[in-house]
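Below are my notes on the charged side-chain pairs in this model. Please read them alongside the coordinates.

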Amino acid sequence: MTNDANSIKMLLEGMIKHQTTKVLKIARELIPNITPEDIRNPQDFPVLYKDIVFNYEDGILSGYLAIQTAINNLTKT
C-alpha cells in the first residue's frame, strides 16, 4: 500500500508541476512580467480574473492541489 501511495503522490506532483507551468504561461501571455507568486492572487489582476482560459486552467490546478492535500492527510501516520 505504501508503494501505491508513493506512486500516486509522485504522479500528482508531476501533474501539479505541469499545470503550474501551464497556468503561468497563460498568465504571461496576458501580463508578460507576472510572477508565480502573483498568479496565486488572480483577483489582484483584472485581466487574469476575467480571462476564461486562465480561470479554467487555474481551477484544474486548484483541484490537483486539493487532491494532494487530501492524499497527504490520508497517508499521515
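**Salt bridges**

1. Both Glu29 and Lys25 are exposed, where exposed means over 50% relative accessible area, buried under 20%, and partly exposed in between (1.4 Å probe, protein chains only). Their side chains form a salt bridge at 3.3 Å, N to O, that is, a side-chain nitrogen of Lys or Arg within 4 Å of a carboxyl oxygen of Asp or Glu. The two residues are 4 apart in helix α1, so about one helical turn separates them. Helices (H or I, at least four residues) are DSSP runs, numbered from the N terminus.

2. The model is predicted: local features need pLDDT of at least 70 and side-chain atom pairs count only at pLDDT 80 or more, while totals for chains, interfaces and linings use all residues. Residues are numbered from 1 along each chain as its sequence is written, and side-chain values use heavy atoms, with hydrogens and water left out.

3. By the salt-bridge rule, the count is 3. One of them joins Lys22 and Glu57 at 3.5 Å, N to O. Lys22 belongs to helix α1 (residues 2-30) and Glu57 to helix α3 (residues 52-74), so this pair ties together parts that are 35 residues apart in sequence. Glu57 is buried, at 10% relative accessibility, whereas Lys22 is partly exposed at 35% relative accessible area.

4. Arg40 and Glu37 also meet through their side chains in a salt bridge, 3.2 Å from N to O. Arg40 is exposed, its relative accessible area being 62%; Glu37, at 48% relative accessibility, is partly exposed.
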